[in-house]
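My entries follow the display.

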Amino acid sequence: MNRALTVLLVEDDAAVQLGCVQALQLADIPVRAFESAEAVLPHISPGLAGVIVTDMRLPGADGLSVICEARDIDPDLPVIMITGHGDVNLAVQAMRSGAYDFIPKPFSPEQLVEVVQRALEKRRLTLEVANLRRALTLSEGLEGKLVGHSPAIARVRQLVTEVADSPVDVLIRGETGTGKEVVARALHDHSRRRNAPYVALNCGGLPDSLLDSELFGHEPGAFTGAQKRRIGRIEHANGGTLFLDELESMPMGVQVKLLRVLQERCIERLGSNQSIPVDVRVVAATKDDLLARAQQGSFRSDLVYRLNVVNIELPPLRERREDIPMLLEHFMLLAASRYDRPEPRLPQAQLRQLMARDWPGNVRELRNVADALVLGVGPQWVSPHGPAPEASGNDAQPTLTETVEQFERSLIADALQRHAGNVGQTAKALRIAKTTLVDKIRKHGLGKGEAASEA
């Protein structure tokens, strides 16, 4: 969600209303104020981009009416109730009626802002999931395949959109589990070749002696055991797309033949001198830096340059952590449908734990975790209460503020490491002011603020 979420505040006491509005505005939270339930109800609609904060006691219809009306319109819309001193029974009734939370008077501005921010984050995730469900239902566009709203994955979607329908070959680079084959399939599905074959081959999954025959095919008697003609993967993909995964594993001899196919668009089956024209688009994937491999002499540089016309870099999951909630929901929806199980609802503590993980297996590992959560079998490291606190004299779980600060420190430290300690580049990547980043570096003890500010 790129649009800002708004708080609809219902409070008839002018002084309290002004205090709430100022507290929220100081926290950069958009707010619209109303004096009665009747005034706010016309502004509540399904998919409302915001949350409601309402006093319990109002002129005319009371706050409970607001809760009930809001639930009828949108059951997932968070409503926060402000209750007077001693209104315990009303607060309990409000929670039973579906209120997200309640704030007893008198309350501090910080308390109001904290509760509202939690409700807004819940609402933001709910709306993102609703958008995702619509995308899954409609099965339209790249959003249902390349899930996420981070700038990194948005750039990948844009590049796929731009080159999908062109005949150019593509090289995809990314760590194991980042979704290279998903991108390859998206390139095929969004091209004019979509009705022709999509053929995939893992170059590291076959012995060198079989890879040649698997790619180019063979004639009877071409080698021992070749009793009949075999159509190779390249020829089978004629008119469509050939996806070659783990290209870095391809032997040098096969690289030479593949280069000829890319240059001349024809093949020769093993044991034959006949040249067969092929119309095939090659999408190759690798987890290695092929140019570096070429400089070391373990990969052909001319093949790298021939494939590297369009290069799609897939970011690891640790560099797009903001996509984890959407990806997790996406995979849990798929798993719930596949296993005929209900979709689990994760506590915020679990979600924070998942977002703080480094994910060495990337999106593939997250998908496996989603399957396990839907099946109710783990994984064991996902605690219902989130990560255990460090040993101390106090056994209480970390507060929301402590958890946010830990997560912020982890993100900044990771970003600094990725940009070799360059504060300017790190600030640009995190989209915050350089001076703000320097202050946070000092705050979290990640380096000397004076030296960092000059970087």
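I began with strand β6 (residues 170-173), which is joined to β12 by four bridges, the two strands running parallel. I looked up Arg 173 and found its bridge partner in β12 to be Glu 313. I note that the model is a predicted one.

I then traced the whole sheet. I found it to be open, with five strands in the order β7-β8-β11-β6-β12 and parallel pairing. The edge strands are β7 (198-202) and β12 (310-313), each of which pairs on one side only. From one strand to the next, I noted an average twist of 20 degrees.

Next I looked up helices lying across these strands. Helix α6 (residues 151-163) lies across β11 (281-286) and β12, and runs at about 155 degrees to β12. Helix α7 (residues 180-189) lies across β6, β7, β8 (241-245), β11 and β12, and I recorded its direction as about 155 degrees to β6.

Helix α13 (residues 324-339) packs against helix α15 (residues 362-375) at an angle of about 50 degrees, the axes being 8 Å apart. This angle makes α13 oblique to α15. The crossing of α13 past α15 is right-handed. Among the residues making the contact, I listed Leu 327, Phe 331, Ala 335 and Tyr 339 of α13, and Val 363, Leu 366, Ala 370 and Val 374 of α15. The contact includes Arg 338 of α13, and Arg 367 and Asp 371 of α15.

Key. Residues are numbered from 1 along each chain as its sequence is written. This is a predicted model: local features need pLDDT of at least 70, side-chain atom pairs count only at pLDDT 80 or more; totals for chains, interfaces and linings use all residues. Side-chain values use heavy atoms; hydrogens and water are left out. Axes are lines fitted to C-alpha atoms, for helices over the stretch in contact, and angles run from 0 to 180 degrees between N-to-C directions. Angles under 35 degrees count as roughly parallel, over 145 as roughly antiparallel, 65 to 115 as roughly perpendicular and the rest as oblique. A crossing is left-handed if the near helix is turned anticlockwise from the far one by less than a right angle, and right-handed if clockwise. Contact means heavy atoms within 4.5 Å. Two strands pair if DSSP finds at least two bridges between them.
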